[in-house]
Amino acid sequence: MAPQRKKKKMPKVCHECHKVVEGEVCMSCGSSNLTEDWAGYLIIIDPKHSAIAERMNIDMPGRYALKVR
Ligand SMILES: [Zn+2]
């Protein structure tokens with residue numbers, strides 16, 4: 001079995017709340033201000049007990065980017 005070499009498309013990230021967005025509009029804040037220029041994949045499962053989530057003002061579980069340029 002040969003490994004598949006499909007090029008993965010970079011998901012977009014919301015500029016406003018750093019959420020990883022699938023589609024054209026952020027489901028979290030409704031912004032369409034998205035970017036593909038981001039770094040650091042962050043998965044928040046329990047925002048109420050996560051120091052990173054608190055620091056980034058995240059109150060919804062989901063996938064986020066650490067840095068958005
Ligand atoms: Zn957003």
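Some ground rules. Residues are numbered from 1 along each chain as its sequence is written, and side-chain values use heavy atoms, with hydrogens and water left out. Because the model is predicted, local features need pLDDT of at least 70 and side-chain atom pairs count only at pLDDT 80 or more, while totals for chains, interfaces and linings use all residues.

Start with the chain. The protein chain has 1 helix and 5 strands. Those are DSSP runs, numbered from the N terminus: helices are H or I with at least four residues, strands are E with at least two. The order from the N terminus is β-β-β-β-α-β. The C-alpha atoms fill a box of roughly 45 × 25 × 20 Å along the principal axes. Of the 69 residues, 29% count as buried. Buried means under 20% relative accessible area, exposed means over 50%, and partly exposed is in between, with a 1.4 Å probe and protein chains only.

Now contacts, meaning heavy atoms within 4.5 Å. Take those with a separation of 6 or more: residues 24 or more positions apart account for 41% of them.

What does the record say? An unreviewed UniProt entry annotates residues 11–69 as "domain: Spt4/RpoE2 zinc finger". UniProt positions are given in the numbering used here, feature names are shortened, and annotations may be inferred rather than shown by experiment. In the model, the end C-alpha atoms of residues 11–69 lie 14 Å apart. The span is 8% helix and 36% strand.

Next, the sheet. Three strands form an open sheet in the order β2-β1-β3, with antiparallel pairing. β2 and β3 stand at the edges, each with a single partner strand, so one side of each is left without a neighbour in the sheet. Two strands pair if DSSP finds at least two bridges between them. β1 and β2 are joined by 2 bridges. Lys12 stands opposite Val21 in β2.

On to the metal. Which residues donate to the zinc ion? Cys14, Cys17, Cys26 and Cys29, each through SG, at 2.2 to 2.4 Å from the ion. Donors here are N, O and S atoms within 2.8 Å of the metal, or 3.2 Å for Na, K and Ca; water is not among the atoms, so sites may look incomplete. The 4 donor atoms make angles of 103 to 119°, and the site is tetrahedral. For four donors, tetrahedral requires all angles between 85 and 135 degrees. Along the chain, the donor spacing is C-x2-C-x8-C-x2-C. Cys14 lies in strand β1 and Cys29 in the loop between β2 and β3, so the pair ties together parts that are 15 residues apart in sequence.

The UniProt annotation "binding site", from the unreviewed entry, covers Cys14, Cys17, Cys26 and Cys29. These span 16 residues in sequence, yet no two of their C-alpha atoms are more than 8.7 Å apart, so they gather at one spot. The structure holds 0 disulfides, a disulfide being a pair of cysteine sulfur atoms within 2.5 Å.

Are these cysteines buried or exposed? Cys14 is buried, at 0% relative accessibility. Cys26 is buried too, at 3%. Cys17 is partly exposed at 22%. Cys29 is partly exposed at 39%.

Who surrounds them? Cys17 sits in the loop between β1 (12–14) and β2 (20–21). Not counting residues up to four places away in sequence, Cys17 touches Cys26, Ser28, Cys29 and Tyr64. With neighbours within four places left aside, Cys29 contacts Cys14, Glu16 and Cys17. Ser31 is in the loop between β2 and β3. Ser31 is buried, at 13%. Leaving aside neighbours within four places, Ser31 contacts Cys14, Glu16, Val25 and Cys26.

Last stop: Ile44, in strand β4 (residues 38–44). Ile44 is buried, with a relative accessible area of 5%. What does Ile44 touch, residues up to four places away not counted? Ser50, Ala53, Ile58, Met60, Pro61, Gly62 and Tyr64.

How values were computed
Tetrahedral: all angles 85-135°; square planar, octahedral: opposite > 155°, others 65-115°.
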